[in-house]
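Please view the sequence and the model together while reading.

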Amino acid sequence: MTKPLLKQPWVLNSAVTVGSVLLCLLLLPGRIPGLELLGVSPHWLLIWVVAWSIKRTMWEGAIAGLVLGLLQDAMTAPHPTHTLSLIVVGVLTARLQKQRYLQEDIVSVALIVFAMAVIAETVLALQISLNQLISADSLYPSLPKIWVYHQRIALSSAILSSLWAPALYYPLNRWWDKYNTPEP
Amino acid sequence: MFALRRWWTRHALKAGMVTLAISSAWLLRATQGAALYEAYHWLTRPLQPGVSREEQFENSYILELQQRIIELENQNLALQTLESYEASLSQPGVRAAVIGRAADHWWQHVILNRGSRQGVAPGHVVTGPGGLVGRVVAVSPSTSKVLLISDPTSRVGAKVSRSRIMGVVRGQSNNRVVMEFFEKSPDVKAGDVIVTSSYSRLFPQDVPIGRIESLDLTKSPAPEATIQLSSPLPILEWVVIHPFNPLESVDEPTWPTPDDEDQPGKNSP
């Protein structure tokens, strides 16, 4: 109670969390040389959602997926929505850790990000296919073309994202560990 | 009631945070991320090509072309007085640098460093070295988002310059686009130049798009041609934004646009 507002640990923690999300968002439109493969760059928001959900509950993962999905919709276009794919990623990552299939270390995080990137792109491709099937005047290309394109970007996005996952996961996880330890 | 109050005293802060996070994300989505793109613009400002480079670019490349264009325009003026022809792209445009790409792998967007403060508005047409690049779909005070013609949801009414055969150009997420012809046996051959047609509602006519690379005349329901875009979209650095009032109001530019009305068999009456 005696501490000023700015010194309160939760204020600092929120600032770090929001700041890291902002950093990820600002990295999205850039195509920094060395960070892209076949015109595809790492899916920074997905890495963030995985880093967030890995030690949290399903609900927290889903909320993070919803918020970051809305933010990515803001950066691109509202249809097809990214909220769905990131919510799926958040929930699946949170469940995965509970069952203790994987020990928590850098390599397993990279593996999780690889799988989740493929899943996220698949959810988007499913939405586009559904739109193509349902609406008669859909502007999307035919189904075979969608899925050929999906293969290409899912693979490059998964490879790049898993390689860059530790760069985001390690500092964030260290910070959240440090923040949570002294709590009674 | 007591349980509810106890839940509230324990989780008030958390619930507040979650509501705040979701509502602010929703607000950003409603404004199409204008604040984020503004932040991105200021952050990448030192990396954007500066004035000296712009001048260099203009001196070495544009001047030569401008001299040619002046000569052609003079010749053209005489013809325009004869026919009631409207020069749609004669006014000078705004030069802009490409500062970013799509924030997602499924869209083909570029982010430009000129926005509503410089008079750019959604619907304006963007050209670059080589011809047509795309259409502005969203603006913030100092950035604008362009939907490239290589995006799968983009449709451009086009014609073959030599034989005036009409068709529709669709994007394929790479530097080749597909043109569907309206006629069953069109008079086209590889190497023909493709320009935008006068039927296009979202683009001015006679802007170069590219050249026919290969033909598939047996394709059903309509014959198709693969077109190599003359504008190098993946390595674009500079473009020009031309003010243009689309004939069709575009409320949701990235969702099925009304430009495909001249596409056969789909939603034509």
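In which helix of chain B is the place of His41(B)? His41(B) sits in helix H2 (residues 34-43) of chain B, where helices are DSSP runs of H or I of at least four residues, strands are runs of E of at least two, and both are numbered from the N terminus.

## Basis of the model

The model is predicted; local features need pLDDT of at least 70, side-chain atom pairs count only at pLDDT 80 or more, and totals for chains, interfaces and linings use all residues. Residues are numbered from 1 along each chain as its sequence is written, while chains are lettered from A and ligands numbered from 1 in the order in which they are written.

## Two residues of chain B

His41(B) is buried, with 22 other C-beta atoms within 10 Å. A residue is termed buried if 20 or more other C-beta atoms lie within 10 Å of its own, exposed if 12 or fewer, and partly exposed in between, with C-beta atoms placed from the backbone. Not counting residues up to four places away in sequence, His41(B) touches Ile99(B), Asn113(B), Ser142(B) and Thr143(B); contact requires that the C-beta atoms of two residues, placed from the backbone, lie within 7 Å. His41(B) and Ile111(B) are 70 residues apart in sequence, and their C-alpha atoms are 9.3 Å apart in space.

Trp107(B) belongs to the loop between strand S1 (94-101) and strand S2 (109-112) of chain B. Trp107(B) counts as partly exposed because it has 19 C-beta neighbours inside 10 Å. Leaving aside neighbours within four places in sequence, its contacts are Ala102(B) and Asp151(B) together with Thr76(A) and Ala77(A). From C-alpha to C-alpha, Trp107(B) is 8.8 Å from Thr153(B), and the two are 46 residues apart in sequence.

## Chain B and its domains

Chain B contains 3 helices and 12 strands. Of its 269 residues, 37% count as buried. Among contacts in chain B between residues at least 6 apart in sequence, 60% join residues at least 24 apart.

Chain B is divided into domain 1 (10-43), domain 2 (52-84) and domain 3 (95-247), with bounds that come from an automatic or database domain assignment. The C-alpha centres of domain 1 of chain B and domain 3 of chain B are 33 Å apart. Their contact takes 6 residues from domain 1 of chain B and 9 residues from domain 3 of chain B. On the side of domain 1 of chain B that touches domain 3 of chain B, the residues divide into 3 nonpolar, 2 polar and 1 charged. In these classes, Ala, Val, Leu, Ile, Met, Phe, Trp, Tyr, Cys and Pro are nonpolar, Asp, Glu, Lys and Arg are charged, and the others, Gly among them, are polar.

## Helix packing in chain A

Helix H2 (residues 44-53) of chain A is largely enclosed by the rest of the structure, because 10 of its 10 residues are buried. H1(A) and H2(A) pack at an angle of about 155°, with their axes 8 Å apart. Axes are lines fitted to C-alpha atoms, for helices over the stretch in contact, and angles run from 0 to 180 degrees between N-to-C directions. H1(A) is therefore roughly antiparallel to H2(A); angles over 145 degrees count as roughly antiparallel, under 35 as roughly parallel, 65 to 115 as roughly perpendicular and the rest as oblique. Ser20(A), Val21(A), Cys24(A) and Leu27(A) of H1(A) meet Trp44(A), Leu45(A) and Trp48(A) of H2(A). This contact has 6 nonpolar, 1 polar and no charged residues.

The axes of helix H5 (residues 106-134) of chain A and helix H6 (residues 143-180) of chain A come within 7 Å and cross at roughly 150°, which means that H5(A) is roughly antiparallel to H6(A). The residues of the contact of H5(A) with H6(A) comprise 19 nonpolar, 7 polar and 1 charged.

## Where the chains meet

In the contact between the chains, 31 residues of chain A meet 33 residues of chain B. Helix H1 (9-27), helix H3 (58-75) and H6 of chain A each supply at least two residues of the side that touches chain B. H3(A) gives the largest share of that side, 9 residues.

H3(A) packs against helix H1 (residues 2-30) of chain B at an angle of about 15°, with the axes 7 Å apart. H3(A) is therefore roughly parallel to H1(B). The residues of this contact divide into 12 nonpolar, no polar and 2 charged.
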